[in-house]
Amino acid sequence: ESWSYPAFARWRTTPASFIDVAAASDMRGARSQSAGSGAARDTRVTLVSPNYFRVMGVDLPLGRPFVEGEGSAVAVISDAWRSRLLIWSLETQAAAP
């Protein structure tokens with residue numbers, strides 16, 4: 001079932017049988033491009049509420065989860081993306097004069 005953000009916000013603040021509620025929304029058709037990496041690539045992007053990982057019981061192997069009020073310019077990436085970004089960074093450094 002799909003809910004709007006205002007509906008999600010009401011669920012979080014309305015007393016119910018839940019300890020907490022998290023939200024997630026897939027961004028279909030997202031594209032990414034790293035400096036010097038060539039063509040843009042299709043990327044799976046999911047927007048989540050700051051409490052998403054805690055509610056889902058997910059421990060992040062590196063870094064930290066989101067913090068309430070942190071804003072929208074924060075990302076959690078998969079190990080596969082971390083590896084790609086490292087390779088792109090090394091290639092960019094090798095190509096630099």
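A residue is called buried when its relative accessible area is under 20%. In the predicted model described here, Asn51 has a relative accessible area of 2% and is therefore buried. Asn51 is found in the loop that runs between strand β4 (45-48) and helix α2 (52-56). Its side chain reaches the backbone oxygen of Val21 at a distance of 2.9 Å. When neighbours within four places in sequence are left aside, the residues in contact with Asn51 are Arg12, Asp20, Val21, Ala22 and Glu68.

The protein as a whole contains 3 helices and 4 strands. Read from the N terminus, the order of these elements is α-β-β-β-β-α-α. Of the 97 residues in the protein, 13% are buried, and Asn51 belongs to this group because its relative accessible area is 2%. The accessible surface of the protein amounts to about 7,900 Å². Carbon and sulfur atoms account for 57% of that surface. Among contacts between residues at least 6 apart in sequence, 33% join residues that are at least 24 apart.

The C-alpha atoms of Val67 and Asn51 are separated by 7.6 Å, while the two residues are 16 residues apart along the chain. Asn51, by contrast, is buried. Ala75 is also placed in the loop between α2 and α3. Ala75 counts as exposed because its relative accessibility, 64%, is over the cut-off of 50%. A distance of 9.7 Å separates the C-alpha atoms of Ala75 and Val45, which are 30 residues apart along the chain.

Aromatic side chains were examined next. A pair of aromatic rings is described by the distance of the centres and the angle of the planes. The structure holds 2 aromatic pairs. One of them is formed by Tyr52 and Phe53, with 5.4 Å from centre to centre and 85 degrees between the planes, an edge-to-face arrangement. Tyr52 is partly exposed, as its relative accessible area is 22%, whereas Phe53 counts as buried at 14% relative accessibility. Phe53 also pairs with Phe66; this pair is tilted, with 5.9 Å between the centres and 45 degrees between the planes. Together, Tyr52, Phe53 and Phe66 form one aromatic cluster.

Trp3 lies in the segment before helix α1 (5-13). With a relative accessibility of 44%, Trp3 counts as partly exposed, because this value falls between the limits of 20% and 50%.

Conventions. Residues are numbered from 1 along each chain as its sequence is written. This is a predicted model: local features need pLDDT of at least 70, side-chain atom pairs count only at pLDDT 80 or more; totals for chains, interfaces and linings use all residues. Side-chain values use heavy atoms; hydrogens and water are left out. Helices (H or I, at least four residues) and strands (E, at least two) are DSSP runs, numbered from the N terminus. Buried means under 20% relative accessible area, exposed over 50%, partly exposed in between (1.4 Å probe, protein chains only). A polar contact is a pair of N or O atoms within 3.5 Å; within protein, one must be able to donate a hydrogen and the other to accept it, and residues adjacent in sequence count only if both atoms are side-chain atoms. Contact means heavy atoms within 4.5 Å. Accessible areas come from the Shrake-Rupley method with a 1.4 Å probe; for residues, only the protein chains shown count as cover. Rings of Phe, Tyr and Trp (its six-membered ring) pair if their centres lie within 6.5 Å; planes under 30 degrees apart count as stacked, over 60 as edge-to-face and the rest as tilted.
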